[in-house]
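Hi everyone, thanks for making time.

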Amino acid sequence: MQFRMRQPPISTRKGEVKKDVLIRMVAFVWQHYRWQLLLVLLCIVVSSLTSLVSSLFTKTLIDDYIVPLTQMDNPAYASLAQTLFKLGLILFFGTICSYTYNRLMIHISQGTMLRLRKHIFEKMQRLPISYFDQRSHGDIMSVYTNDVDSLRQMISTSMAQVFSSIITIVATFTSMVVLSIPLTLVSILIAVVMMIATTQLGKRSRAYFRTQQQSLAKVNGFIEEMMTGQKVVKVFCHEQQTLQDFETINEQLRSSAYNANKIANIVMPVNGNLGNLGYVLLAVVGATLVIQGSALISHSSFLISNLTLGTIVAFLQLNKSFTQPVSQVSQQINSVLNASVGAERVFALGDAEPEVDDGRWKMEEGRWVNSKLSTLNSQLSTPNSHPVQGDVDFKNVDFGYTPQKQVLFDININTNPGQKIAFVGGTGAGKTTIINLINRFYEIQGGHILYDGIPITDIRKDSLRKSMSIVLQETHLFTGTVIDNIRYGKLDATDEECIQAAQLVGADDFIRRLANGYHTMLSGDGGNLSQGERQLLAIARAAVANPPVLILDEATSSIDTRTEQLVQRGMDTIMQGRTTFVIAHRLSTVRNADQIIVLDHGHIIEQGTHEELLQQKGKYYQLYTGKEI
């Protein structure tokens, strides 16, 4: 059993760091926290300037205090103490500013993560079902966890570091030019070499960071798949094979993470050593200029004017401040590269095409209401407002999940409100696909589906789906109480309505036997209930909505025969007066259907009542009796 992604992960683009992605990330932060960022910028400016004052003070300390004091017989330290006290106050103020902007960046980063998760979660609610069919759930989960967290690290640390580095470079460079142009040129040469080294190493590690994020998404998806399928794994004794598969993808993650960090982690040592070499080079050049100053000054006083011992020491301090931003950025290169990949994946999810919903009809108080008729509606002479009846018709419908593979061919179904329509046929015949088209989980490629004479593409999706209740073959219960799960079908339903719905479908008996009855907490998709009990709650959830159209996709497939008879009576009650579409392999449950539609490989091959189809002695007769034709 080799694990494979159903589709490449959310982002598989290759190449260099996408500047527009990082710019977009900064723009997103600026949009919501511009005043806080301005305050951060101000604090960084003050903090950087105080550090610069400290470096420049070295020149004053040596030239104006230490050297003169060493030449005095009775040195007076009062003036030096006063100057040091003032410097201490300045540095203390700089420390306060540094603390303030770091606290603000934590606030900004956490707030941005909150907004990003909300943004992509809201977007996810508007994505079509096909988006989730094509991607691993673990890959999508990885966007919310790993990718968003990588952005948090960049915002809280790297963004402030970039601001601080730019300000430090500008202020320090200005001071260096004032002190000594020759030494400034040496410092620029050192900085350029460090920047080239950082850029080249960053390019090499970028691709590995992308692979690391994708591998991490695969690991998450595999773990999720194994957790949900744990019973199947144990039933077929595939624990060892599963472990081997996990070791394979886990090794892929280790390898990609190792390659990414192997390169990125050498950036700081490389820049550190280059900075040390530059420090030595500056010291040598500066000392040479001072020692040979008397000889050089006659040729070019411009180059070495005011070049004293204090100036050299101060310049060495400034050089560290000038090259330090490069080293600081190199320290953050892991988070920057990781964040750029994470930002791509976050924005890829945020930019995914949402469901198209250009419907003009909506349901209000049991009526379809529209202020503007479409061309097709005008041709059908559909009024602007009329009651919701539940009349669903298919007119020459063609559909394929992909353009290359069509699965439904020329489907024609005419119903009357209140009828029970049953779909039967072998696996893959197209039964569930037809159900998915009624509520517009997918869009048809040809023909029309009419709901009370209105093309469903002209009906707002929220109104369309509120007008019908669906019991899916795969039951899903949410974390919460039993009664909350029933109320999910109608959020404003009272407790009495929920209890009545449970009684109607035969779920009341087992619910009252639970520890806390209707207030029993469910978790893990209702793992403390049997499959049949979970199915009963799903049916009760559909019943409480009281819609004009009811869809049952193998609704009794997980219920024993005795419970099925009880539920069938309840479902017969809720089916009265509403159009019902039923998919069932147990043909005994659809004998009383008004229409039974037999499907085979996407084609309708038979259509009629139970008795009519038996008389035809075709496919339905074969399925019902088990006799070969």
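**A walk through the helices**

Let me start at one residue: serine 47, which sits in helix H1. Before I go on, keep in mind that what you're looking at is a predicted model.

So, is serine 47 buried or exposed? Its relative accessibility is 14%, and since anything under 20% counts as buried, serine 47 is buried. And what does serine 47 touch, once we skip residues up to four places away in sequence? The answer is Gly94, Cys97, Ser98 and Tyr101. Hold on to Tyr101, please, as that name comes back in a minute.

Okay, let's zoom out. The chain has 629 residues, and 47% of them are buried. In terms of secondary structure, you get 22 helices and 15 strands. If you take the contacts with a separation of 6 or more, 76% of them are between residues 24 or more positions apart.

Back to H1, which covers residues 19-70, and to another residue in that helix, valine 29. Valine 29 has a relative accessibility of 0%, so this one counts as buried too. Leaving out neighbours within four places in sequence, valine 29 is in contact with Arg34, Leu37, Ile108, Thr112, Ile155 and Met159. There's also a C-alpha distance to point out: valine 29 and methionine 113 are 84 residues apart along the chain, and their C-alpha atoms are separated by 9.7 Å.

Now, the next pair of helices. Helix H2 runs over residues 78-125 and helix H4 over residues 137-179, and the two pack at about 155° with their axes 9 Å apart. That angle is why we call H2 roughly antiparallel to H4. Their crossing is right-handed. Who makes the contact? On the H2 side there's a list that includes Tyr101, Met105, Ile108, Thr112 and Met113, and on the H4 side you'll find, among others, Tyr144, Leu151, Ile155 and Met159. By type, the residues of this contact split into 16 nonpolar, 4 polar and 2 charged.

Which of its residues are buried? Cys498, Ala501, Ala502 and Val505 are. They span an arc of only 100° around the axis, so they lie on the same side of H17. Look at the face turned away from that buried side, and you'll see the exposed residues Glu496 and Gln500.

What does H17 pack with? One partner is helix H19, residues 531-545, at an angle of about 125° and with the axes 8 Å apart. H17 and H19 are therefore oblique to each other, and the crossing is right-handed. H17 brings Glu497, Cys498, Ala501, Ala502 and Val505 to the contact, while H19 brings Leu536, Ile539, Ala540, Ala543 and Val544. That comes out as 9 nonpolar residues, no polar ones and 1 charged. Notice that the buried residues of H17, Cys498, Ala501, Ala502 and Val505, turn up again in the contact with H19.

Definitions and conventions. Residues are numbered from 1 along each chain as its sequence is written. This is a predicted model: local features need pLDDT of at least 70, side-chain atom pairs count only at pLDDT 80 or more; totals for chains, interfaces and linings use all residues. Side-chain values use heavy atoms; hydrogens and water are left out. Axes are lines fitted to C-alpha atoms, for helices over the stretch in contact, and angles run from 0 to 180 degrees between N-to-C directions. Helices (H or I, at least four residues) and strands (E, at least two) are DSSP runs, numbered from the N terminus. Angles under 35 degrees count as roughly parallel, over 145 as roughly antiparallel, 65 to 115 as roughly perpendicular and the rest as oblique. A crossing is left-handed if the near helix is turned anticlockwise from the far one by less than a right angle, and right-handed if clockwise. Contact means heavy atoms within 4.5 Å. Ala, Val, Leu, Ile, Met, Phe, Trp, Tyr, Cys and Pro count as nonpolar, Asp, Glu, Lys and Arg as charged, and the others, Gly among them, as polar. Buried means under 20% relative accessible area, exposed over 50%, partly exposed in between (1.4 Å probe, protein chains only). The arc is that of the directions from the helix axis to the C-beta atoms.
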